[in-house]
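Trainee: I have a structure open and would like to go through it with you. Could we take it piece by piece?
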Amino acid sequence: MIKILIVDDEKPICDLIDLNLSSAGYHCTSVQDGLRALDLIENEKYDLILLDIMLPGADGYDIMEYIRPLGIPVIFITAKHEVKDRVKGLKLGADDYLVKPFDVVELVARVEAVLRRYNKTEQRLTAGDVTVDVDARLVTKSGKTIELTNKEFGLLVLFMKNKNVALFRETLYEKVWEEEYYGDSRTLDLHVQRLRRKLGWEHSLVAVYKVGYRLEVTT
């Protein structure tokens, strides 16, 4: 399993990131102190580090200097939004730079993009008795193959990478259809209904009032 270290001095942010990345199938560890983060990096092996800049003990720039020779990919997640801060972070060797506040869907997408760059992606997703092999575009339920259209498959992958997270209609549409959403949800709703029927998710893939949909699962 992909191991991710979250370093941020705000515990609620650590918990939010941990919840969403764990739901997407990653193993997460979080810490709120720069010196403690250095101890963990020295003694554990991580596939990716999400790193705040303003930290007690040692700031993110100092930690980045320590990480760089280790070859571990890093995404800065910080409230420092000025161009000079982005440039400094990237010049120090960070692979990406995300400014707070951020959308959790964008965070998961950026994590996936960096991991793909390092050939560290896990291409098998699970939710209950449903399994998706992303590379093979193969979907099974209790071992039985389920045939999906391209759009249904795209929606399924997005839901399974964001389990128990409410996803906005516009986010779902723009990521799967790859075009701007103008407020007409009939096409999206139809595809979600078909996905529910095919997977038996009538009670798992739920509508969220004035938002969109959420895949509710315990595993």
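Mentor: The conversation below goes through sheets, helices, a pocket and some backbone details.

Mentor: Please keep in mind that this is a predicted model.

Trainee: Understood. Let us take the sheet containing β12; what is its strand order?

Mentor: The order is β10-β12-β11, in an open sheet of three strands with antiparallel pairing. The edges are β10, residues 167-168, and β11, residues 205-208, each of which pairs on one side only.

Trainee: How many bridges hold β11 to β12?

Mentor: Four bridges join β11 to β12, which covers residues 212-215, and the pairing is antiparallel. Within that pairing, A207 has Y213 as its bridge partner, and V206 is opposite R214.

Trainee: And what about β10 with β12?

Mentor: Those strands also run antiparallel, joined by two bridges. F168 is the residue that stands opposite G212 of β12.

Trainee: What sits between β11 and β12 in the chain?

Mentor: Three residues separate the strands, which form a hairpin. In the turn, K210 has a positive phi of about 65°.

Trainee: Which helices pack against these strands?

Mentor: Helix α6, residues 150-161, packs on the sheet and touches β10, β11 and β12. The direction of α6 makes about 65° with that of β12. Helix α8, residues 186-199, lies across β11 and β12 and runs at about 150° to β11.

Trainee: Changing topic, what is the strand order in the sheet of four strands?

Mentor: The order is β6-β7-β8-β9, again an open sheet with antiparallel pairing. Its edge strands are β6, residues 124-127, and β9, residues 144-145, and each pairs on one side only.

Trainee: How are β6 and β7 paired?

Mentor: They pair in the antiparallel sense over four bridges, with β7 spanning residues 130-133. A127 stands opposite V130 of β7.

Trainee: How far is T131 from G143?

Mentor: The C-alpha atoms of T131 and G143 are 8.3 Å apart, and the residues are twelve apart in sequence.

Trainee: Now the pocket. How much space is in the largest one?

Mentor: The largest pocket holds about 370 Å³ of space. Its lining has 18 residues, with G154, V157, L158, K161 and K175 lying nearest the centre.

Trainee: Which helices supply the lining?

Mentor: At least two residues come from each of α5 (104-117), α6 and α7 (169-177). Helix α6 gives the most, with seven residues.

Trainee: You mentioned α5. How does α1 cross it?

Mentor: Helix α1 covers residues 11-23, and its axis comes within 10 Å of that of α5, crossing at roughly 60°. The crossing is right-handed.

Trainee: Which residues make the contact?

Mentor: From α1 there are L16, I17, N20 and L21, and from α5 there are V104, L107, V108 and V111. By class, the contact has seven nonpolar residues, one polar and no charged.

Trainee: One last topic, the backbone. Is the peptide bond from K100 to P101 cis or trans?

Mentor: That bond is cis, with omega near -10°. P101 is in the loop between β5, residues 96-99, and α5.

Notes: Residues numbered from 1 in each chain as written. Predicted model: local features only at pLDDT ≥ 70, side-chain atom pairs only at ≥ 80, totals over all residues. Heavy atoms only, no water. Pairing = 2+ DSSP bridges. Contact = heavy atoms within 4.5 Å. Axes fitted to C-alpha atoms, helices over the stretch in contact; angles between N-to-C directions. 1 Å grid on protein atoms, 1.4 Å probe; cavity = no way out; pocket = protein on both sides within 12 Å on 5 of 7 lines; lining within 4 Å. Points joined across faces, edges and corners; volume = space filled by probe spheres on them. Left-handed = near helix turned anticlockwise from the far one by under 90°. Nonpolar A, V, L, I, M, F, W, Y, C, P; charged D, E, K, R; others polar.
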